[in-house]
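The structure is shown first, and the points follow by topic.

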Amino acid sequence: SLIIILSVMNGFNHSLKKRLLAVEPHLIVTFPSSNEYEAVKKNPITTALQAKPEVQARVFETQELMLRTADGYVGGGIARGVEPESLRTILTEMRKASSNEVCQSQSPIDPGGPETNEDIVLGPGEILLGVDLAKSLGIFSGEKVTVIAPEALLLPAGEAPDFERVLVKGLLTTNVSDIDSKILFYDRNTTFLNLRDSASKEVGVEVRIPDPDDYAELRNDLLGQGAKVTTWIDRNSSLFYALRLEKIAIGTFLGLSALIASFTIVTVLILLLTQKRKDIGVLMAMGLSPKRTLKTFLGVGLILSSFGIIGGVLLGVGVCLVISSFPMDILPNIYYERTIPARIDPFFILGIIVVASIIAVLSAYFPARMHTRLQPAEALRGRTAED
């Protein structure tokens with residue numbers, strides 16, 4: 001039970017992490033001294049990052065915007081202005097992370113297109129919108145929406161705010177609700193030119209590295225140069241904390257269930273040794289030392305428990321391998337995964353074997369020790385000195 005359930009949880013967490021990292025940069029670097037695109041692009045730190053062959057570093061901008069549909073529905077979102085290369089990278093990673101359609105649209109953005117996504121281009125006044133945000137506003141691909149900055153709501157009555165009319169070229173589906181419900185992408189060179197002075201606009205450098213978990217050295221180096229750095233873990237700390245807490249809680253309750261079940265070993269051995277008390281007295285009377293007797297019945301307990309440990313490990317690993325090798329679409333569309341993934345952690349399985357073996361040894365040792373401390377005459381009479 002521990003192996004199957006926690007391996008499935010590992011699989012779901014790994015799938016969620018892949019989908020999240022398809023959109024989230026591994027590192028975001030900002031400079032307190034400058035918030036202008038050209039200044040950030042020409043910054044020596046940006047130039048040094050772009051010169052590293054193993055690092056993808058591209059300048060981007062982000063701002064909060066409000067969308068108004070033709071039917072009068074209003075909603076807010078976080079807009080990311082990226083370069084065409086960045087958008088191709090994001091959509092390629094999303095396609096790798098999901099077997100479902102990445103983008104649904106009536107434009108040349110084709111989910112069945114080439115893996116390089118070279119056909120995906122956002123023209124002037126075109127955006128990609130998160131699918132959950134689009135559903136909440138009743139927006140479909142090919143519709144036009146009006147976009148304004150949030151601070152426009154504070155303008156005096158009668159003063160017209162800056163706005164833009166943009167075309168929703170596609171709906172972006174990551175199956176991560178925190179992203180799909182608020183994100184929209186646009187080409188920062190051609191779109192939202194009238195909203196460049198928004199108070200919420202921030203300009204930075206998005207960095208992608210080969211191993212998303214191996215960011216510590218690069219982050220410390222950038223912090224030492226005076227840049228402000230946030231990692232993908234920092235930006236999603238509440239999500240990963242909730243997942244870790246869920247895993248700990250389920251593992252704890254399953255562990256307690258396994259511990260309670262392990263007490264059956266103690267029960268079986270106590271009954272066995274109680275029935276064999278006279279036989280133990282005969283063995284010790286014939287010269288078998290208490291130490292040898294203890295080893296004998298300790299071995300019996302380990303043999304009994306080894307059937308459960310080995311059988312449980314083989315069954316649990318076998319089920320996980322079948323689940324991961326032959327995925328089946330059995331979950332409804334409301335989940336971000338249609339299949340049940342399983343990701344086996346060898347160290348976790350080793351830990352289960354070690355803990356189960358310790359419980360088995362202790363469960364066999366104490367009942368055997370209690371009966372082998374009897375004198376041979378007491379054991380032959382079938383009662384102890386206290387009796």
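Patches are made of residues with over 30% relative accessible area and no salt bridge, with like charges joined within 9 Å and nonpolar side chains (Val, Leu, Ile, Met, Phe, Trp, Tyr) joined within 5 Å. The model is predicted: local features need pLDDT of at least 70, side-chain atom pairs count only at pLDDT 80 or more, and totals for chains, interfaces and linings use all residues. Residues are numbered from 1 along each chain as its sequence is written, and side-chain values use heavy atoms, leaving out hydrogens and water.

**Surface patch**
- F253, L256, L259, I260 and F263 make a nonpolar surface patch of about 520 Å².
- L256 belongs to helix α9 (residues 237-275) and is partly exposed, with a relative accessible area of 44%; partly exposed lies between buried (under 20%) and exposed (over 50%), with a 1.4 Å probe and protein chains only.

**Largest cavity**
- A cavity is a set of points on a 1 Å grid where a 1.4 Å probe fits but cannot get out, and lining residues have an atom within 4 Å of a point.
- The whole structure holds three cavities of 30 Å³ or more.
- The largest cavity contains about 60 Å³ of space; ten residues line it, and E83, P84, L87, L122 and D187 are the closest to its centre.
- α4 (84-97) gives the most to this lining, with three residues.
- The lining of the largest cavity has seven nonpolar, no polar and three charged residues.

**Second largest cavity**
- The second largest cavity has a volume of about 50 Å³, and its lining comprises Q56, A57, R58, S86, T89, I90, E206 and R208.
- Two or more of these residues come from each of β2 (56-68), α4 and β9 (202-208).

Note on methods. Areas by Shrake-Rupley, 256 points an atom, 1.4 Å probe, with all protein chains shown as cover. Salt bridge = Lys/Arg side-chain N within 4 Å of Asp/Glu carboxyl O. Helix = DSSP H or I, 4+ residues; strand = E, 2+ residues; numbered from the N terminus. 1 Å grid on protein atoms, 1.4 Å probe; cavity = no way out; pocket = protein on both sides within 12 Å on 5 of 7 lines; lining within 4 Å. Points joined across faces, edges and corners; volume = space filled by probe spheres on them. Nonpolar A, V, L, I, M, F, W, Y, C, P; charged D, E, K, R; others polar.
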